[in-house]
Amino acid sequence: MGIFDSLENSPAFKGALGQIESAVLPVVLSEVLGNGSQGGLSAIVAKLQQAGLGDQVKSWIGNGQNLPITAEQLQQVLGSDTVRQLAAKYNIPVDQITQILAQQLPKAVDHASPDGKLPHTA
């Protein structure tokens with residue numbers, strides 16, 4: 001067991017990561033889902049559907065349990081350049097930002113579509 005293994009399991013380390021995630025995540029999500037370079041929520045949903053992830057998207061918009069998306073799938077949809085730019089802009093490692101977004105994107109889409117439909121302004 002190396003020092004990084006014990007650090008990774010440390011409550012203090014996890015707490016620090018949680019603080020970073022909670023401080024940066026809303027800004028990153030608004031950039032990805034807002035009117036940033038990706039074109040907003042509707043554009044992201046369309047890209048995900050075109051990439052063969054329609055079942056996941058339907059589960060996020062509809063009622064019921066959200067199907068997961070992997071960090072790798074999300075990186076393919078957003079594009080490596082976009083992910084690298086976001087990571088650099090917010091000083092977060094690429095693998096960490098895609099993991100965070102993969103965990104939070106389903107929740108964000110679900111939250112934005114409480115009645116089972118995307119808002120027209122998305």
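Helix 3 (residues 41–50) and helix 4 of this predicted model have axes that come within 7 Å and cross at roughly 140 degrees. Helix 3 and helix 4 are therefore oblique to each other, because only angles over 145 degrees count as roughly antiparallel. On the side of helix 3, the contact is made by Val 45, Leu 48 and Gln 49; helix 4 contributes Gly 54, Val 57, Trp 60 and Ile 61. By class, this contact of helix 3 with helix 4 has 5 nonpolar and 2 polar residues, and no charged ones.

Helix 5 (residues 71–78) has the buried residues Ala 71, Leu 74, Val 77 and Leu 78. They cover an arc of only 125 degrees around the axis, which means that they lie on the same side of helix 5. An α-helix has 3.6 residues a turn, so residues three or four places apart point the same way. The exposed residues Glu 72 and Gln 76 are carried by the face of helix 5 turned away from its buried side. Just after helix 5, Gly 79 takes a positive phi of about 100 degrees.

The mean pLDDT of the chain is 75, and 64% of its residues reach 70 or more.

| Element | Residues | Mean pLDDT |
|---|---|---|
| Helix 1 (lowest) | residues 3–8 | 40 |
| Helix 4 (highest) | residues 54–61 | 92 |

Over residues 1–10, pLDDT stays under 50, and the model has 6 contacts beyond four places in sequence for them. Residues 12–16 also stay under 50, with 4 such contacts. Where pLDDT is low, the predicted coordinates should not be read in detail.

Technical notes. Residues numbered from 1 in each chain as written. Predicted model: local features only at pLDDT ≥ 70, side-chain atom pairs only at ≥ 80, totals over all residues. Heavy atoms only, no water. Buried < 20%, exposed > 50% of the residue type's maximum accessible area, 1.4 Å probe, protein only. Helix = DSSP H or I, 4+ residues; strand = E, 2+ residues; numbered from the N terminus. Arc of directions from axis to C-beta. pLDDT = per-residue confidence, 0-100. Contact = heavy atoms within 4.5 Å. Axes fitted to C-alpha atoms, helices over the stretch in contact; angles between N-to-C directions. Parallel < 35°, antiparallel > 145°, perpendicular 65-115°, else oblique. Nonpolar A, V, L, I, M, F, W, Y, C, P; charged D, E, K, R; others polar.
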